[in-house]
Amino acid sequence: MALRRLTVVAAAVAALSAPAVPAHAESETTPPGRITVDVVGVNGSGCPQGTASVAAASDNTSFTVTYSDYLAQTGGGAGGTEFRKNCQLALQIHVPQGFTYAIARADYRGFAHLQRGAYGQERANYYFQGMAQTARTVHQFNGPYSDSWQASDRTEYADLVWAPCGEERNLNVNTELRVYPGASNPQALSFMSMDSTDGSVSTVYHFAWKQCTGL
């Protein structure tokens, strides 16, 4: 089976910059105005140049990433390096003055075809430039499986990692797909994708917002 090629749509979430120190109470409403995200870096075998796009929700609650060439596969003549694909996006998110944000939840979706004995994994984490990375989460799907898949990562409010107020720091979003043959027939193809040619399948990152205090 030939390697499927897809495209990633990467967009922007921009607005004004947030000042000073974050308050301890969560803002009850999303910030006014329109946020945007600028994609300042794209790297990885799962998102060749020009195959990733990002779009911000009009209500400032989230942004989506759509991939169109994100496919990991093994067996059936797949190349030795095709079992693992990854993507790192560096996003410059500008937020309205007086606010800061964190990623409260991330929803990942795709399609998997896994032979009996094979298994696939979706891995992800994110971090702000110059800060420690969040723990990498791993979601595993075991064959036989041939259907859409979905996985969500949620962070409790007390554990959220907030963007520093008043600073422009890139948000680095890392994702990875792996497919292992396990005990399956090595001549049978197994694959896992996180892509869409028509934009119907996308990863959604949900914001948490709060106000900053100080200058």
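This is a predicted model: local features need pLDDT of at least 70, side-chain atom pairs count only at pLDDT 80 or more; totals for chains, interfaces and linings use all residues.
A residue counts as buried when its relative accessible area is under 20%, and Cys87, with a relative accessible area of 1%, is therefore buried. The structure holds two disulfides, and a search of the whole structure finds 14 aromatic pairs.

**Disulfide of Cys47 and Cys87**

- Cys47 and Cys87 are joined by a disulfide with an S to S distance of 2.1 Å, and the link is right-handed, with 95° about the S-S bond.
- Because Cys47 lies in the loop between strand E2 (36–43) and strand E3 (52–56), while Cys87 belongs to strand E6 (residues 84–94), the pair ties together parts that are 40 residues apart in sequence.

**Disulfide of Cys165 and Cys212**

- A disulfide also joins Cys165 to Cys212, with an S to S distance of 1.8 Å, and this link is left-handed, with -75° about the S-S bond.
- The pair links distant parts of the chain, with Cys165 in the loop between strand E10 (145–154) and strand E11 (171–180) and Cys212 in strand E13 (residues 203–213), 47 residues apart.
- Both Cys165 and Cys212 are buried.
- When the bonded cysteines are counted along the chain, the disulfides of the protein follow the pattern 1-2, 3-4.

**Aromatic pairs of Phe63**

- Among the 14 aromatic pairs found is that of Phe63 and Tyr205, whose ring centres are 5.1 Å apart and whose planes stand at 20°, so the pair is stacked.
- This pair links distant parts of the chain, since Phe63 is in strand E4 (residues 62–67) and Tyr205 in strand E13, 142 residues apart.
- Phe63 counts as buried at 0% relative accessibility, and Tyr205 is buried as well, with a relative accessible area of 2%.
- The rings of Phe63 and Phe207 also pair, and because their planes lie at 45°, with centres 5.6 Å apart, this pair is tilted.
- The pair of Phe63 and Phe207 again links distant parts of the chain, from strand E4 to strand E13, with the two residues 144 apart.
- Phe207 is buried, with a relative accessible area of 9%.

**Aromatic cluster**

- Ring pairs link Phe63, Tyr101, Tyr108, Phe128, Tyr205, Phe207 and Trp209 into a cluster, which includes both partners of the stacked pair of Phe63 and Tyr205 and both partners of the tilted pair of Phe63 and Phe207.

Conventions. Residues are numbered from 1 along each chain as its sequence is written. Side-chain values use heavy atoms; hydrogens and water are left out. A disulfide is a pair of cysteine sulfur atoms within 2.5 Å. Helices (H or I, at least four residues) and strands (E, at least two) are DSSP runs, numbered from the N terminus. Buried means under 20% relative accessible area, exposed over 50%, partly exposed in between (1.4 Å probe, protein chains only). Rings of Phe, Tyr and Trp (its six-membered ring) pair if their centres lie within 6.5 Å; planes under 30 degrees apart count as stacked, over 60 as edge-to-face and the rest as tilted.
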